[in-house]
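Grab a pencil and work through these exercises on the model shown below. Each one sets a task and then walks through a solution step by step.

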Amino acid sequence: MSEVRQRQKPNNKSTTKAGSNNSNKKPSSSSKNARGISILDIIRVLATLVIASCGLSYYMTSSESLLWGYRPWFTRLPVLMRFLQGPLTLTPAQLALYNGTDPTLPLYLSVNGTIFDVSANPLVYGPGGHYNFFVGRDATRAFVTGCFQEDLTSDLTGVEEMFMPIDDPAELAALPSGERKKRHEQDVRYARSRIDRAVAHWQGFFRNHKRYFEVGRVVGLEEVVAASNNKEGGATRELCKAARQQRPTRKQVLEAQAAGKR
């Protein structure tokens with residue numbers, strides 16, 4: 001009985017201490033949940049969005065692209081290999097080997113000395129393709145004139161005539177000789193600018209094409225052109241019929257120049 005009577009009452013201090021410990025523990029667990037979104041959570045969300053976008057792109061583009069049609073150059077193996085190997089330097093004779101007759105070699109064509117790989121489109125540039133005659137050579141003149149049979153060469157001599165305005169004979173005869181000379185010089189400058197614009201257009205077409213890419217330069221084209229001209233007696237290459245028919249009138253040139261200034 002004495003033991004029962006002497007039973008100690010709970011110590012308020014210990015109770016208070018235990019309570020304070022419990023109260024301290026609760027905020028620590030809740031603060032852990034109140035930290036917000038972690039960096040790992042953000043990475044997971046971004047990764048999910050990227051994977052979902054790639055999957056949707058793959059579906060919408062009929063399994064052609066994971067990046068909605070965008071293909072960085074370093075994701076294309078042939079372009080990457082050429083970048084690692086460095087640009088090619090070929091002579092016209094060496095370039096002729098890349099015309100599709102050897103299936104182990106890529107398809108190359110050249111515009112104004114710049115070589116482009118068009119192997120990604122063998123139905124057009126490969127053997128039997130509509131434009132197979134362009135590969136294995138520099139046919140800049142044909143790109144400008146549109147005469148694919150006569151002008152498969154890099155020689156642009158005489159192409160200025162294609163863009164020289166056609167004058168009314170009576171009006172031209174009425175001009176003083178000095179004015180006629182000045183007009184002719186202006187026409188030549190205009191014609192050469194049109195040639196440069198046409199060449200730049202085709203270079204840009206192949207350089208910016210999503211399936212073609214630049215691989216190097218052709219060297220020795222001038223020597224080949226000179227040898228060909230000497231073989232023909234030094235005569236200036238005649239402008240093809242289709243190109244002559246495209247010559248503009250003086251009125252058309254003036255209208256084009258006026259439109260360009262607007």
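**Exercise 1. Find where Val 118 is placed, then work out whether Val 118 is buried or exposed.**

Step 1: look in the loop between S3 and helix H6 (122–125), and there's Val 118. Helices (H or I, at least four residues) and strands (E, at least two) are DSSP runs here, numbered from the N terminus.

Step 2: check the cover. Val 118 has a relative accessible area of 0%, so Val 118 is buried. The scale runs like this: buried means under 20% relative accessible area, exposed means over 50%, and partly exposed is in between, with a 1.4 Å probe and protein chains only.

Step 3: Skip the neighbours within four places in sequence, and Val 118 is in contact with Leu 107, Leu 109, Tyr 125, Val 135, Phe 206 and Tyr 212. Contact is taken as heavy atoms within 4.5 Å.

Step 4: look further along the chain. Phe 213 is 95 residues from Val 118 in sequence, yet their C-alpha atoms are separated by 7.3 Å.

Before going on, a word on the ground rules. This is a predicted model, where local features need pLDDT of at least 70 and side-chain atom pairs count only at pLDDT 80 or more, while totals for chains, interfaces and linings use all residues. Residues are numbered from 1 along each chain as its sequence is written, and side-chain values use heavy atoms, with hydrogens and water left out.

**Exercise 2. Trace how S1, S2, S3 and S4 are joined.**

Step 1: start with S2 (residues 108–111). Four bridges tie S2 to S3 (residues 114–117), and the two run antiparallel. Strands pair if DSSP finds at least two bridges between them.

Step 2: pick out partners. Val 111 has Thr 114 as its bridge partner in S3, and Leu 109 stands opposite Phe 116.

Step 3: cross from S3 to S4. Another antiparallel pairing shows up, with four bridges. Asp 117 is partnered by Phe 213 in S4, and Ile 115 stands opposite Gly 216.

**Exercise 3. Say which way the side chains of S2 and S3 point, and whether they are buried or exposed.**

Step 1: recall the rule. In a regular strand, side chains alternate between the two faces of the sheet.

Step 2: apply it to S2. Tyr 108 and Ser 110 point one way, Leu 109 and Val 111 the other, and all are buried.

Step 3: do likewise for S3. Thr 114 and Phe 116 sit on one side, Ile 115 and Asp 117 on the other, and all are buried, so both faces are covered.

**Exercise 4. What is the phi of Asn 112, and where does Asn 112 lie?**

Step 1: read the torsion. Phi is near 55° for Asn 112, a positive value in a residue other than glycine. Most residues other than glycine have a negative phi.

Step 2: Asn 112 has a relative accessible area of 38%, so Asn 112 is partly exposed.

**Exercise 5. Locate the disulfide and find its handedness.**

Step 1: the structure holds one disulfide (a pair of cysteine sulfur atoms within 2.5 Å). Cys 147 and Cys 240 form the pair, with sulfur atoms 1.8 Å apart.

Step 2: see what gets linked. Cys 147 is in the loop between H7 (140–145) and H8 (169–173), and Cys 240 is in the loop between H10 (221–231) and H11 (241–245), so the link joins distant parts of the chain, 93 residues apart.

Step 3: take the S-S torsion of Cys 147 and Cys 240. The angle is about 65°, so the disulfide is right-handed.

Step 4: check the cover on both ends. Cys 147 and Cys 240 are buried.
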